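Thanks for coming, everyone. I'll keep this brief. Please have a look at the screen.

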Amino acid sequence: MHKQGKFIVIEGIDGSGKSSHARTLTDQITQWQEAKGLPSCIYEREPSEDDPAGRLVRASLTKQVQLQPETLAFLNVASRIEHIHHLTELLYAGHCVVCDRFYPSNMAYNQTASLSMSDIYELNRVCLETLRPDAIVFMSVSVEESKRRRKSDSKRTSEELFETDAFQRAVHDRFIQVFDFLKDKETVRFVDAEADYETVQSRLWEAVRPLLD
Ligand SMILES: Nc1ncnc2c1ncn2[C@@H]1O[C@H](COP(=O)(O)OP(=O)(O)OP(=O)(O)O)[C@@H](O)[C@H]1O
Ligand SMILES: [Mg+2]
């Protein structure tokens with residue numbers, strides 16, 4: 001049996017607008033698919049809260065537990081191994097899935113002196129043998145604008161583990177390196193996400209819609 005639904009990943013630095021735009025995209029794809037009599041689109045995010053490894057990663061991001069950086073990198077992979085079982089079930093049942101972060105975030109955030117970007121890619125092979133994205137969209141936003149968006153987001157009460165200016169700048173640069181590394185391995189779409197909500201959403205939709213034909 002073949003995977004029927006499309007698996008679309010949304011990536012970007014903290015506060016770039018991934019979750020908001022990914023949820024709107026999920027609704028847009030659902031409307032598009034249902035008009036053709038096809039199943040709905042499902043929004044998923046990583047790290048997932050649905051497995052113990054993912055819950056530990058989330059607890060670490062909110063600074064409730066302290067872990068070694070390498071532990072965090074490996075837990076991220078462990079959570080993804082669990083999540084992929086759920087994702088493939090959805091995709092095989094014909095649902096499209098929009099996933100808010102996936103292994104490129106693992107590569108951009110969890111590098112250490114002893115764990116390189118390509119090391120983390122290798123760790124993720126165990127996942128990629130089962131499931132590869134149909135497309136990975138990078139929501140390109142400056143560090144300054146992302147910070148403004150995080151600051152004006154009333155739902156955010158405190159800064160997460162990686163949300164310092166210096167780290168965000170490093171992550172921004174690492175994402176560029178990650179997508180350069182992935183350019184021959186994945187279908188990558190860059191969306192200029194610096195603009196207002198409606199403009200960005202229509203750019204995102206234009207980047208994704210051809211996959212649904
Ligand atoms: N295009 C946009 N223009 C202005 N504000 C935006 C835009 N997109 C999202 N926002 C706002 O920016 C804030 C951060 O957005 P969001 O939570 O979607 O970012 P994120 O990338 O998911 O962040 P994180 O990585 O921390 O989960 C929210 O308040 C959201 O409403
Ligand atoms: Mg988010």
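Start with the cysteines. Cys99 has its closest cysteine sulfur in Cys41, and the gap is 11 Å. A disulfide needs two cysteine sulfur atoms within 2.5 Å. So the sulfur of Cys99 is too far away for a bond. Cys99 is also buried, at 0% relative accessibility.

One caution before I go on: this is a predicted model.

Next, Cys96. Which cysteine holds the sulfur closest to that of Cys96? It is Cys41 again, at 5.4 Å. That is still too far for a bond. Cys96 counts as buried too, with 1% relative accessibility. The disulfide count by this rule is 0.

Let's go through some polar contacts. Lys18 puts a polar side-chain atom 2.6 Å from an oxygen atom of ligand 1. For Arg101, a polar side-chain atom lies 3.0 Å from a ligand 1 oxygen. In Asp153, an N or O atom of the side chain is 3.4 Å from an oxygen atom of ligand 1.

On its own, ligand 1 has 640 Å² of accessible area, and the protein covers 78% of that.

That's my part. Over to you.

Terms used: Residues are numbered from 1 along each chain as its sequence is written. Chains are lettered from A and ligands numbered from 1 in the order in which they are written. This is a predicted model: local features need pLDDT of at least 70, side-chain atom pairs count only at pLDDT 80 or more; totals for chains, interfaces and linings use all residues. Side-chain values use heavy atoms; hydrogens and water are left out. Buried means under 20% relative accessible area, exposed over 50%, partly exposed in between (1.4 Å probe, protein chains only). A polar contact is a pair of N or O atoms within 3.5 Å; within protein, one must be able to donate a hydrogen and the other to accept it, and residues adjacent in sequence count only if both atoms are side-chain atoms. Accessible areas come from the Shrake-Rupley method with a 1.4 Å probe; for residues, only the protein chains shown count as cover.
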